[in-house]
Amino acid sequence: MNIEERFLKYISYNTQCDEHSSTVPSTSNQLVFARELVKEMKELNISNVELSKEGVIYGTIKGNGGKQDIIGFIAHMDTSPDASGENIKPQIIRNYDGNAIKLNQELSLNPQEFPKLKKLVGHDLITTDGTTLLGADDKAGIAIIMSMAQYLSNHPEIKHNDIQIAFTPDEEIGRGSDHFDVDRFHSQYAYTIDGDEIDVYNYENFNAYSAQVKIKGKSIHPGSAKGKMINASRVAIKFDQLLSEFMRPEYTEKYEGFNHLHHIEGQCEYCQMDYIIRNHDKKILDQQIKQFNRAKDFLNEQYGYHCIDVQFTESYLNMADIVLQHPKIIERLKNAMEKCGIEAQAQPIRGGTDGALLTYKNLPCPNIGTGGGNFHGPFEYVSLTSMKKGVQLLIELVRE
Ligand SMILES: [Zn+2]
């Protein structure tokens, strides 16, 4: 199987995950795909192949004399709950000419709207037919890793150390690392193969907290409320206005953090607000948290009783704080990219990754792109040309 056939086969499996499910993995069709991958891994002579009961696949490509640090490659099997992954009908565009690509009667992939396509002129692309997502996120990652395994198995003259491989379920709903057995994986560090363009790598992500703001008002019949009523919903509005206006997602980009009010529900008696708080810089994030507390204290004092409570929960932390303590992880990647003629670009992630959670479980884990774009919807595409480059990159990474 070549990488194109492999990718087309993988996306024929619907592996959509489900955030409302409490089973592990969240959907059983991920296991159907996992069993197929296990079979294929064994055919490629990958050792110690195991599918855990939580749906994580592990395997080892045995070393043949290499002495470099043992590394791992990780990709996820699930696709996003945001769009259907059922009955995907891929379209293949050979030698892309840079014009708009018609997906169906209504939808087109237009480089005016998606300027990253302009960099892919001359590439072979795969798109959807506009009715589903494509599933390049992250079956492109799996196809790249499996194609590397096949290449190494056919080319024993390439010396390398042991290479660990894992495929995880439920990444899109943030559960991909929940049941990941870092001890079982025994590699010194790893790379997730997921996300954007092939020349992009990521080792910085947000520090992420959530804040739940609970406000108790004093509800009294509005006809006789004078001097007595405290409307919890109005207190909520005041609270939100005490936070920096320009620290909202709609005003921020790159390394700018934000406070995002994503849910508010309330009446006169009681109001609750849910925020997420994000920043790459932990010190600034601590200041953001301080601002929440100052707003709370100020209003509690103004109303003369304890009407506001704020509870903070840590979601994940920036992997950079750990990864940068081991400069060889990024050095090794940059060297391999250079050997492949890829101009490496580090990009901060404005979100989290499974790799970030694994990094804090003692498996430092930056991310490498796959050549895909517009994930989680019908405009998703992937460049086969970039995926082939990805295979070459992984081989350079492990080559002695
Ligand atoms: Zn992904």
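Helix 8 (residues 328–339) and helix 10 (residues 384–398) pack with their axes 8 Å apart and at an angle of about 125°, where axes are lines fitted to C-alpha atoms, for helices over the stretch in contact, and angles run from 0 to 180 degrees between N-to-C directions. Helix 8 is therefore oblique to helix 10, given that angles under 35 degrees count as roughly parallel, over 145 as roughly antiparallel, 65 to 115 as roughly perpendicular and the rest as oblique. The helices and strands named here are DSSP runs, numbered from the N terminus (H or I of at least four residues for helices, E of at least two for strands).

This is a predicted model, in which local features need pLDDT of at least 70 and side-chain atom pairs count only at pLDDT 80 or more, while totals for chains, interfaces and linings use all residues. Residues are numbered from 1 along each chain as its sequence is written, and side-chain values use heavy atoms, with hydrogens and water left out.

Helix 8 passes helix 10 in a right-handed crossing, a crossing being right-handed if the near helix is turned clockwise from the far one by less than a right angle, and left-handed if anticlockwise. On the side of helix 8 the contact (heavy atoms within 4.5 Å) is made by Arg332, Leu333, Ala336, Met337 and Lys339, and on the side of helix 10 by Leu393, Glu396, Leu397 and Val398. Sorted by class, this contact of helix 8 with helix 10 has six nonpolar, no polar and three charged residues, where Ala, Val, Leu, Ile, Met, Phe, Trp, Tyr, Cys and Pro count as nonpolar, Asp, Glu, Lys and Arg as charged, and the others, Gly among them, as polar.

Helix 10 also packs with helix 3 (residues 136–154), at an angle of about 55° and with the axes 9 Å apart, which makes helix 3 oblique to helix 10. The crossing of these two helices is right-handed. Here Ala140, Ala143, Ile144, Ile145, Ser147, Met148, Tyr151 and Leu152 of helix 3 meet Met387, Gly390, Val391, Leu394, Ile395 and Val398 of helix 10, and the contact of helix 3 with helix 10 comprises twelve nonpolar, two polar and no charged residues.

Helix 1 packs with helix 10 at an angle of about 110°, their axes being 10 Å apart, so that helix 1 is roughly perpendicular to helix 10. In this contact Ile3, Glu4 and Phe7 of helix 1 meet Leu384, Met387, Lys388 and Val391 of helix 10.

Turning to charge pairing, the structure holds 16 salt bridges, each a side-chain nitrogen of Lys or Arg within 4 Å of a carboxyl oxygen of Asp or Glu. One of them joins Lys9 and Glu36 (2.9 Å, N to O), linking helix 1 (residues 3–11) with helix 2 (residues 29–43) across 27 residues. Lys9 is partly exposed at 22% relative accessible area, whereas Glu36 is buried at 17%; buried means under 20%, exposed over 50% and partly exposed in between (1.4 Å probe, protein chains only).

Glu396 counts as buried at 15% relative accessibility, while Arg399 is partly exposed at 33%.
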